[in-house]
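Here is a short report on one protein chain. Take a look at the structure first, then read on.

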Amino acid sequence: MWGLLPLYWALLEPAGATEVLAHRMMWSLPTALVILAALRRWAWVRPLLRDPRRLGLIALAAGLISVNWGLFIWAVGTGKVIEASLGYFINPLISIAFGVLLLRERLRPAQWVAVGIGALAVGVMTVAYGRLPWLSLVLAVTFALYGLIKKGVRLDGVASFGAETAVQFLPAVFFLVFLGSRGEATFATEGAGHALLLSFAGLATALPLIFFGGAAVRLPLSTIGLLQYLAPASMFLLGLLAFDEEMPPERWAGFLLVWTALCLLTWDALRTARRSRARLRAAAAAAASSARAGGGKTGDAVPGQDGLPADRPAVAGTPSDTAKS
């Protein structure tokens, strides 16, 4: 659904990118309230309102995702869908860079190679476009920062969506009133179909997020990470086949480098996950064997909730592994 959104935004012409963004922000809040009411998830509201630090993070996250949304909508309207897809392809590499620079995470050799290939790809794309691919980089950086901030907010997908859209709502309403006062709004001038499409922008934003939240609690992170490549891949194909954007050989070279880096990252993540699971199974088996041999006497190691001895740390992976997944 995320990958097909360019088709939806293209239907909203002649509304400009800023008007579409404002409607997306405004209609997202009623959508979020309906979802929260249906799920009866309100317990997070009071603790959040009593925590100025988390409120500040929510406001910052809302600002970053607004910039991201606005640039992407503008990219669709100006024939830059392929360049936008590049931003979401390189997003994992930017997230890794943030992990190293901001969280002091250590990278495995394969991850360093992937980051190097990604940097080379940006250089190739700079030559291919005749300029720095700023759209791709800003989309990647804003989305990576958005994800980093959400780690500190500690809200689930639906609650976070509701909090962020509450921050976005009033600025969006004021901007739409301003557009209407200048006679530049299209909501009431392009027919009922156009108005309905603008109104459903909130639902188009919420549904992929809800399904993602549902999948995140049911699937391994490695699987989630792989599936997330479907969105930029779909955007790339839409730009190439539906929007007839140009792809000269030098741009193909840049994309091939990015895809090579992502394949390397994926291989490394899957290999590390397999090794971690093997170590966990071996540790659990050793703990069970020790418990049987000791006959459960006092002082023996007692398995913890994670299946390991209570005095032994889990080895499921480093923080950087989780961030990359």
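Is arginine 131 buried, exposed or partly exposed? Arginine 131 is partly exposed, with a relative accessible area of 29%. Buried means under 20% relative accessible area, exposed means over 50%, and partly exposed lies in between (1.4 Å probe, protein chains only).

## About the model

This is a predicted model: local features need pLDDT of at least 70, side-chain atom pairs count only at pLDDT 80 or more, and totals for chains, interfaces and linings use all residues. Residues are numbered from 1 along each chain as its sequence is written, and side-chain values use heavy atoms, with hydrogens and water left out.

## The whole chain

The chain has 14 helices and zero strands. Both are DSSP runs, numbered from the N terminus: helices (H or I) need at least four residues, strands (E) at least two.

Of the 325 residues, 40% count as buried. The accessible surface comes to about 17100 Å² (Shrake-Rupley method, 1.4 Å probe; for residues, only the protein chains shown count as cover). Carbon and sulfur atoms hold 68% of that surface.

## Salt bridges

A salt bridge is a side-chain nitrogen of Lys or Arg within 4 Å of a carboxyl oxygen of Asp or Glu. The count comes to six. One of them joins the side chains of arginine 131 and glutamate 83 (3.0 Å, N to O). This pair links distant parts of the chain, 48 residues apart. Arginine 131 is in the loop between helix H6 (109-129) and helix H7 (134-153), while glutamate 83 is in helix H5 (residues 81-103). Glutamate 83 counts as buried, at 2% relative accessibility.

Arginine 271 forms a salt bridge with aspartate 268, with the closest N and O atoms 3.1 Å apart. Why are they separated by about one helical turn? Because they are three residues apart in helix H13 (residues 249-294). Aspartate 268 is buried, with a relative accessible area of 1%. Salt bridges that share partners join Arg108, Asp268 and Arg271 into one network.

## Glutamine 168

Glutamine 168 is in helix H8 (residues 157-181). Glutamine 168 is buried, with a relative accessible area of 2%. Leaving aside neighbours within four places in sequence, its contacts are Met25, Ala62, Ile65, Ser66 and Trp69.

How values were computed:
Contact = heavy atoms within 4.5 Å.
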